[in-house]
Amino acid sequence: MGSNRWRLQFAGNQPSRWAAMEPGGLLASAMLANMKVAVVVGRTVFVHAGLTSGHIRKYGGVVGMNREVKEWITKAHHGDNNDEGNYETVDDVLRAAQIRSKAASVTMPECLGGGSDAGASSPVWMRDYSNPNDGEPKGPYVQTMIDEALKELGGDVQRMVMGHTPQFRINAALKGKAWRVDVGASKGVMSGTPEVLEIIHGGEDEDDVVKILTMSGEAICSSERQVMSVANLL
């Protein structure tokens, strides 16, 4: 662009990252548009934090929420860029950056935490199925919630794989229907030991084979990583 003044429109807030990752940004169509809120593969649904039957009905199913997010992320909501950086005062710079940030936030789809579903209840923020880590969820209706969500998805979907809430190791809760796979491997989280959930899909008359692959070369049977409450053991 001939100068670095284009950075001013982001008020010094990691401008290169902001310019690349914001809605309508440099990577919006090339990369971010291909990322899904949720995806169903065979008998498994993958989602960042979790899905309820209410999410699925409200957002038009997995296809509907993915379409809405793609439309949002590929559109610039802040108006024209100011690549010349022709601001007169520091306050002008800060005000422009705030407007730019707010424009994306207020238009964010509910399934990403915008609007009335902001925060803990959206598919990218909820923790109903994954908290406490490495333990059985405590909510009295959580088993019913995931049962109804999988039923709402149809197509013989049997399990939900999620991240968001770090675990000390990959594990399954709620009668094997909630697989929690975020092991916090990043040093910025808890420097957890990497593991991989392997799902080999069976045919129409065959069960899927689910295993956990470890750094030491083990392939652990899914039954060894189930967490259950006393009630579920009875």
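Buried residues are those under 20% relative accessible area, exposed ones over 50%, and partly exposed ones in between (1.4 Å probe, protein chains only). The model is predicted: local features need pLDDT of at least 70, side-chain atom pairs count only at pLDDT 80 or more, and totals for chains, interfaces and linings use all residues. Residues are numbered from 1 along each chain as its sequence is written, and side-chain values use heavy atoms, with hydrogens and water left out.

Helices (H or I, at least four residues) and strands (E, at least two) are DSSP runs numbered from the N terminus. Helix α5 covers residues 142-153. Its buried residues are Val-142, Gln-143, Ile-146, Ala-149 and Leu-150. They lie on the same side of α5, because their arc around the axis is only 135°. This arc is that of the directions from the helix axis to the C-beta atoms. The 12 residues of α5 should span 16 Å at 1.5 Å a residue, and the end C-alpha atoms are 17 Å apart, which agrees. The expected span is 1.5 Å times one less than the number of residues. Just after α5, Gly-154 has a positive phi of about 70°.

Strands pair if DSSP finds at least two bridges between them. Strands β1 (residues 38-41) and β2 (residues 44-47) run antiparallel, joined by four bridges. Val-40 has Val-45 in β2 as its bridge partner. The two strands form a hairpin with two residues between them. In the turn, Gly-42 has a positive phi of about 60°.

An open sheet holds three strands in the order β6-β7-β8, with antiparallel pairing. Its edge strands, β6 (195-200) and β8 (219-221), each pair on one side only. Six bridges join β6 to β7 (residues 209-214). Val-196 stands opposite Leu-213 in β7.
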